[in-house]
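This briefing accompanies the sequence and structure shown below. Please keep both in view while reading the points that follow.

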Amino acid sequence: MTIEAYCVKCKAKKVMKDPAESTTKNGKPITKGTCPDCGTTICRIGAAKK
């Protein structure tokens with residue numbers, strides 16, 4: 001499954017490495033992963049589509 005998210009450090013859209021579904025403090029679904037280039041945590045709002 002390839003999910004793209006915006007990396008703030010690289011200033012570009014990147015394909016998430018090791019995406020995992022999570023929730024925010026108020027219960028909204030997000031998908032968290034890491035940037036393959038710099039290793040920063042990147043997030044995308046919304047659940048991962050299967």
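In this predicted model, P29 is in contact with S22, T23, I45, G46 and A47, leaving aside its neighbours within four places in sequence. P29 has its place in strand β4. The points below begin with this residue and then turn to the strands, the salt bridge, the core and the chain as a whole.

- P29 counts as partly exposed because its relative accessibility is 39%, which lies between the limits of 20% for buried and 50% for exposed residues.
- The C-alpha atoms of P29 and C7 are separated by 19 Å, and the two residues are 22 residues apart along the chain.

**Strands β1 and β2**
- Strand β1 (residues 4–7) and β2 run antiparallel, and four bridges join them.
- A5 has K14 in β2 as its bridge partner.
- The hairpin of β1 and β2 has four residues between the strands, and K11 in this hairpin takes a positive phi near 60°.

**The salt bridge**
- Side chains of opposite charge can pair when their charged atoms come close.
- How many salt bridges are there? The count comes to one salt bridge.
- The side chains of K14 and D37 form a salt bridge, with a distance of 2.6 Å from N to O.
- This pair links distant parts of the chain, 23 residues apart: K14 belongs to strand β2 (residues 12–15), whereas D37 lies in the loop between β4 (29–34) and β5 (41–45).
- D37 counts as exposed because its relative accessibility is 55%, and the limit for exposed residues is over 50%.

**The nonpolar core**
- In soluble globular proteins, nonpolar side chains tend to be buried together.
- The largest nonpolar core has seven residues, namely I3, A5, C7, M16, C35, I42 and A48.
- Not counting residues up to four places away in sequence, I3 touches K14, V15, M16, P19, T31, R44 and A48.

**The chain as a whole**
- The protein chain has five strands and zero helices, and from the N terminus on its elements run β-β-β-β-β.
- The radius of gyration is 10 Å, which agrees with the value near 10 Å for a compact globule with 50 residues.
- Along its principal axes, the C-alpha trace spans about 30 × 25 × 15 Å.
- Of the 50 residues in the protein chain, 22% are buried.
- Among contacts between residues at least 6 apart in sequence, 26% join residues at least 24 apart.
- The accessible surface comes to about 3,800 Å², and 53% of this surface belongs to carbon and sulfur atoms.

Definitions and conventions:
Residues are numbered from 1 along each chain as its sequence is written. This is a predicted model: local features need pLDDT of at least 70, side-chain atom pairs count only at pLDDT 80 or more; totals for chains, interfaces and linings use all residues. Side-chain values use heavy atoms; hydrogens and water are left out. A salt bridge is a side-chain nitrogen of Lys or Arg within 4 Å of a carboxyl oxygen of Asp or Glu. Helices (H or I, at least four residues) and strands (E, at least two) are DSSP runs, numbered from the N terminus. Buried means under 20% relative accessible area, exposed over 50%, partly exposed in between (1.4 Å probe, protein chains only). Two strands pair if DSSP finds at least two bridges between them. A nonpolar core is a set of buried Ala, Val, Leu, Ile, Met, Phe, Trp, Tyr and Cys residues joined through side-chain atoms within 4.5 Å. Contact means heavy atoms within 4.5 Å. The radius of gyration is taken over C-alpha atoms; the globule rule is 2.2 Å times the number of residues to the power 0.38. Accessible areas come from the Shrake-Rupley method with a 1.4 Å probe; for residues, only the protein chains shown count as cover.
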